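Q: Could you go through this structure with me, one topic at a time?

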2 protein chains.
Amino acid sequence: MARDPKYDVLFEQVQIGPKTLKNRFYQVPHCIGAGSEKPGMQAYHRGMKAEGGWAGICTEYCSIHPESDDTSRVSARIWDEGDVRNLAAMCDLLHEHRALAGIELWYGGPHAPCMETRHTPRGPSQIASDFELNTFPRYMDKDDIETLQQMYVDAAIRSREAGFDIVYVYGAHAYLPFQFLSPYYNRRTDEYGGSFENRARFWRESLYKVREAVGDDCAIASRFAVDHLMGPVSIEAKKDGARFVEHCDDLVDLWDFTVGDIAEWGQNAGPSRFFEENHEKPYSGTIKPGNHTNKPVVGVGRVTNPDTMVAIVRSGQFDIIGAARPSISDPFLPKKIEEGRFDDIRECIGCNQCISRWEIGGPPLVCTQNATAGEEYRRGWHPEKFHPAGNREKSVLVVGAGPAGMECAMVLGKRQMEAVHLIEAGPEIGGCVNWISLLGHSDGKANLHRGTARGLGEWKRIVNYRQIQLDKLRNVEVHTNSRLTSEDVFSYGAEIVIVATGCHFATDGLNAATHAPIPGADASLDWQMTPDEVALGTKQVGKRVLVLENEGYFMGASIAQKLAGEGHDVTLVTQAGEIAGYMEYTLEAPMLHRDLHRVGVDIQVYTMLDRIEPGVCHAYNIWDPDHKQAFEVDSVVLCTARLSDDQLYREIKGDQGRLEQEGIEAVYVIGDAAAPRMIVDSVFDGHRLGREIDSPNPEMPLPFIRERRLWGETSNEDYVRQLANTADVALV
Amino acid sequence: MARDPKYDVLFEQVQIGPKTLKNRFYQVPHCIGAGSEKPGMQAYHRGMKAEGGWAGICTEYCSIHPESDDTSRVSARIWDEGDVRNLAAMCDLLHEHRALAGIELWYGGPHAPCMETRHTPRGPSQIASDFELNTFPRYMDKDDIETLQQMYVDAAIRSREAGFDIVYVYGAHAYLPFQFLSPYYNRRTDEYGGSFENRARFWRESLYKVREAVGDDCAIASRFAVDHLMGPVSIEAKKDGARFVEHCDDLVDLWDFTVGDIAEWGQNAGPSRFFEENHEKPYSGTIKPGNHTNKPVVGVGRVTNPDTMVAIVRSGQFDIIGAARPSISDPFLPKKIEEGRFDDIRECIGCNQCISRWEIGGPPLVCTQNATAGEEYRRGWHPEKFHPAGNREKSVLVVGAGPAGMECAMVLGKRQMEAVHLIEAGPEIGGCVNWISLLGHSDGKANLHRGTARGLGEWKRIVNYRQIQLDKLRNVEVHTNSRLTSEDVFSYGAEIVIVATGCHFATDGLNAATHAPIPGADASLDWQMTPDEVALGTKQVGKRVLVLENEGYFMGASIAQKLAGEGHDVTLVTQAGEIAGYMEYTLEAPMLHRDLHRVGVDIQVYTMLDRIEPGVCHAYNIWDPDHKQAFEVDSVVLCTARLSDDQLYREIKGDQGRLEQEGIEAVYVIGDAAAPRMIVDSVFDGHRLGREIDSPNPEMPLPFIRERRLWGETSNEDYVRQLANTADVALV
């Protein structure tokens with residue numbers, strides 16, 4: 001299909017210093033868990049986007065020196081020749097696709113605890129990080145300032161050597177250059193503190209030095225949070241934000257604008273639950289229209305809609321469409337727009353599962369929409385290419401069209417299995433997504449710092465994308481309103497059966513805290529209920545509600561938020577020290593806490609129920625079981641355990657004789673039906689089985705490439721030996 | 001010095017199946033952050049203990065299959081030939097010192113979230129982990145049980161190939177075999193659930209199969225929590241604990257006993273704050289004396305006292321002295337006992353910093369007492385060997401004898417610097433340790449699940465060890481009660497000056513939460529104070545006290561605990577979601593919470609002060625600054641920011657002319673005087689400078705070996721390619 005001329009503007013070239021972006025699509029720096037330690041993952045994840053049409057693609061934050069070490073979180077590093085070699089793999093792959101490679105040079109100061117290197121970070125003033133509470137920087141005197149700036153220069157030179165086209169001096173998310181600029185961090189009284197010019201000096205000098213060193217060969221970029229969102233105590237877009245851009249405009253070839261800081265960076269990487277598409281416009285979108293810069297500007301805001309992109313460029317908000325999460329969800333977004341394949345775009349749902357793994361520190365990134373994210377190298381998966389299955393003549397029955405079943409059937413269809421039937425008991429496909437996407441609202445009021453509790457409606461994209469793909473696959477038949485018994489399955493005529501029947505909430509209070517049901521818990525009663533019943537409105541909820549949340553993710557908190565928003569008196573009880581702990585990792589927690597506070601939810605932590613009686617819940621403090629508390633209630637919501645709906649699987653698998661008789665060669669169980677899990681993992685599980693349906697043992701995932709040193713290989717020992725010419729370092 | 005015959009018993013051989021331990025010292029499995037991915041660190045950390053005299057030395061928990069993946073926490077893995085190669089490096093090094101190598105084969109079930117491999121863990125019943133809240137296992141049918149047992153067998157065979165002498169089937173800390181044994185996890189109704197024999201079946205069968213596979217060549221061990229410490233709902237030492245040992249005694253060559261589980265494993269790795277030496281005796285110490293086993297038993301309990309060790313063996317409590325933390329703190333503990341060098345033993349202080357890094361996931365282990373722990377390979381440091389410094393003719397002045405200064409002077413002394421002077425302003429060396437070690441008590445009552453708030457007295461060992469070592473070093477002079485001015489330093493006659501003058505608490509409420517002082521905060525007033533003033537009793541504390549804690553480690557909570565224990569009404573306020581968050585990582589948190597709850601501390605989270613007035617603290621909720629609260633108080637304790645005492649350093653360093661004139665060639669600042677930090681990091685900082693005092697630029701730490709794949713090296717790609725002979729896996 002040819003491109004609609006309306007979108008031509010997105011495919012114009014943009015000059016940035018000595019380099020040319022071939023179009024306006026740009027993957028801004030974002031983490032993936034590869035760093036410089038997993039060069040294959042780094043190269044192939046970024047390279048997939050180059051193949052998908054992005055003109056500029058960056059590393060994650062890349063440390064310039066061991067003094068800026070964010071372990072346990074994974075950053076890239078360009079400390080030595082080994083890092084140059086590892087990051088060059090990424091540059092080479094990008095260049096094969098005529099994409100530019102960008103590197104975000106990073107020094108964290110007090111936000112980087114240096115738990116691997118054990119160095120001491122330096123900062124403009126000695127104030128502990130508000131992100132890593134107990135990490136204090138060493139005060140930088142003028143020697144330190146010079147040393148630090150030389151670190152940026154040395155790193156820039158190594159970056160050029162690795163093949164990078166764009167070199168960032170990274171000052172967003174409240175890292176070092178921003179710490180000098182902002183009076184929130186900078187309390188100096190010398191020429192690097194006080195007045196605007198003084199506070200801007202470190203950043204300006206660093207840009208100047210980096211430009212002097214590599215500016216003829218590389219474009220110089222800077223990432224800048226134009227507004228710290230803290231009001232007058234720090235940088236505001238209308239004041240020092242705009243002013244700083246003017247002040248340093250001569251030294252950059254590309255501005256990359258964001259908002260906020262690292263302590264609450266969900267204000268930048270806004271979850272869809274609270275932030276809509278292009279949500280940074282009121283801040284980062286004002287600089288270019290205000291004529292504060294003559295240089296190209298890239299900005300972000302979870303933009304996935306091509307019309308929004310055109311509006312952004314045409315209105316002069318940004319010159320370049322920046323994306324982190326949308327490029328993970330669909331590495332081929334530019335190509336699909338170019339080819340007019342809009343309905344093939346896998347739109348980011350803004351769940352921030354990708355980010356959660358960086359926050360946890362160590363695991364590779366994951367993506368709810370794109371199960372191949374992070375798997376490009378180690379499992380060799382391509383988001384758009386599917387090899388025909390070796391056993392494609394086999395007929396496949398997939399029972400259950402939730403996240404795992406939809407994904408598996410789609411992958412099998414794309415792998416050209418000749419006949420795939422996806423059978424759903426309910427009236428539509430989507431499974432739990434259909435009711436979960438109704439949650440996330442409270443009373444719709446908007447005064448939560450920024451944004452509002454807009455709900456999880458965008459999560460419905462999980463279903464929409466797969467619905468469209470399934471509709472296109474002529475080898476896949478989808479049937480709804482069809483609940484299969486084991487007898488139905490046996491007689492269906494399929495050779496491979498995949499059970500994806502999901503899970504249900506325990507009705508007896510079985511939970512992770514005590515591993516036991518709760519006496520008196522019974523969701524078959526009118527006044528007790530499970531979360532899905534609340535979401536779907538199938539039960540009447542009384543005025544006083546107790547919500548018991550034992551799982552630590554969004555469910556209990558979302559139910560409490562909804563009910564309190566509707567005017568109920570809600571008590572939210574958890575055995576944990578905080579409600580919804582995992583939402584810290586998805587960056588949803590601060591906004592959630594604001595909303596729960598605002599709608600008046602009474603949160604009781606370290607608390608568990610030991611008995612439910614009509615009208616009263618008996619609780620105890622987990623640190624002192626004798627410390628009791630009684631809550632008078634009209635209703636109880638049990639966000640306790642989930643249990644697999646695996647009866648069908650057990651029945652089928654248990655009758656080997658019948659399986660043989662009916663010619664069923666294999667039975668698999670996937671997703672929540674195997675074990676309840678997060679949606680991102682259900683999608684992965686379905687995808688994985690589809691990818692490996694023709695492997696020797698499809699039930700067991702194939703090995704993947706582990707990027708690690710093998711004993712006897714070199715690593716950087718030779719390099720270190722060279723440097724360490726002192727008597728005391730007896731390198732082994 | 002010859003060994004006192006009293007300790008001969010510790011050096012007797014112990015036969016374990018086909019292998020012989022050369023003495024009774026045994027490093028039980030413990031984490032270090034190396035896993036199978038950093039083979040050098042793994043080999044050299046364990047190898048150092050072999051050199052130090054330990055007869056048996058184990059890996060950390062070692063995963064048998066990608067289905068048991070604990071990422072972000074680091075475990076060892078024996079999944080493939082690459083792991084065999086990497087772990088063989090450890091075995092080889094151990095064998096050079098005639099030590100036996102043990103491997104702890106581990107399958108985590110629901111406790112292992114599989115965030116790297118993305119597999120689905122399996123468990124006996126489908127109950128989510130109480131450690132990883134939202135991780136549900138897949139219910140194991142009989143095919144699964146067979147598959148799992150084969151995983152143990154395959155891993156055991158690979159272990160033998162790598163050179164391991166002792167192969168564990170690991171069932172402590174509530175991992176898979178224990179999950180079958182305990183009714184807390186096992187709700188099966190088939191022959192693997194219900195009766196004791198049924199619940200024990202999985203474990204017994206697994207031991208049998210592993211023994212059949214490798215039992216002629218390797219000793220078979222099992223680690224077993226003899227008491228889950230949950231009462232009748234799970235395993236109790238006197239009932240199923242003892243019974244299980246009897247039931248499987250024929251299948252093991254060595255029992256390794258512990259208590260508790262992974263969700264609160266501080267009950268096993270007991271911090272000194274709550275648990276005394278040999279604290280597991282009432283549980284794991286009852287099995288052997290109760291004649292429930294005929295096999296050798298190893299057990300732990302932070303035992304560092306040789307007399308306790310002798311008593312343990314002589315009383316029949318254990319046959320073998322197990323150690324994790326004491327072996328980190330002093331890898332040469334056996335050798336030192338053997339040589340009668342008792343005063344050289346670096347005793348573990350039970351601070352659990354080592355454990356904190358495993359809990360955080362990713363960083364290498366650290367040790368407050370032994371700065372070389374984890375640095376054996378990558379920095380080439382040996383805890384007992386010190387190369388003479390290349391510049392040993394230089395005279396060195398170390399100002400300040402806190403953790404950093406003491407350590408640095410000691411290392412310089414051991415490196416044979418000809419003249420080292422350590423000058424302390426106070427009446428004794430030790431710095432902040434002297435008052436911090438007074439904390440950690442409440443009212444001395446003992447009803448905290450187990451143990452009691454015994455205080456941080458053992459932390460004083462930081463000082464004791466260094467005092468003794470300094471006393472022995474004839475090239476180091478220590479002077480106390482001597483506060484040096486910059487003029488004193490200039491005229492001292494030293495060629496190298498090291499400033500280690502520590503830090504102080506802010507008196508104006510400057511803090512990490514707001515980066516600003518708090519209006520009205522003023523610790524120069526009688527009724528406001530800093531933590532050290534409370535610890536030392538230098539100020540009168542009123543009845544109603546508010547403790548503001550902004551740092552997230554032990555200080556604020558310890559002050560609250562102490563004051564409440566003394567009868568004050570204490571409100572503990574923090575901006576964070578939990579008080580003392582870092583104490584989760586040190587495993588101190590559960591016991592701390594019990595104690596704070598018991599002594600009635602009122603904890604206010606997500607709360608910050610915006611103003612202090614005589615008799616009243618004005619607070620706000622951080623999620624809603626308009627939500628105010630006022631606390632009427634008699635006293636306020638400000639556990640807010642710390643600030644380096646770096647004035648002396650700045651004065652000296654700032655006068656280059658005078659430095660040259662006086663022949664001072666270098667000035668360094670270390671420890672809290674450079675930047676406030678945890679004690680473990682101050683000790684490291686002092687040690688590091690001592691080790692590198694003769695490097696080209698001692699201020700900047702030398703590079704260390706980074707164990708990583710370099711692009712172009714093999715990794716396990718060939719191996720994976722071999723296995724992945726399917727059409728869809730297009731390995732790159």
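Q: How many residues of chain B are in contact with chain A?
A: In this predicted model, 131 residues of chain B are in contact with 131 residues of chain A, where contact means heavy atoms within 4.5 Å.

Q: And what surface do the copies meet through?
A: They meet through the same surface, because 100% of the interface residues of chain B are also interface residues in chain A.

Q: What area is buried between them?
A: About 11600 Å² is buried between chain B and chain A, and carbon and sulfur atoms give 54% of that; buried area is the accessible area (1.4 Å probe) that two parts lose on being put together, summed over both. B:Arg118, B:His515 and B:Trp711 supply 8% of the area that chain B buries against chain A, more than any other three residues.

Q: How many salt bridges are there between the chains?
A: There are 22 salt bridges between chain B and chain A, each being a side-chain nitrogen of Lys or Arg within 4 Å of a carboxyl oxygen of Asp or Glu. One of the salt bridges joins B:Asp681 to A:Arg118, with the closest N and O atoms 3.0 Å apart. As for the residues on the side of chain B that touches chain A, 56 are nonpolar, 35 polar and 40 charged (Ala, Val, Leu, Ile, Met, Phe, Trp, Tyr, Cys and Pro count as nonpolar, Asp, Glu, Lys and Arg as charged, and the others, Gly among them, as polar).

Q: How far does chain A span along its principal axes?
A: The C-alpha trace of chain A spans about 75 × 65 × 60 Å along those axes.

Q: Anything to keep in mind about numbering and cut-offs?
A: Residues are numbered from 1 along each chain as its sequence is written, while chains are lettered from A and ligands numbered from 1 in the order in which they are written. Local features need pLDDT of at least 70 and side-chain atom pairs count only at pLDDT 80 or more, whereas totals for chains, interfaces and linings use all residues, and side-chain values use heavy atoms, with hydrogens and water left out.
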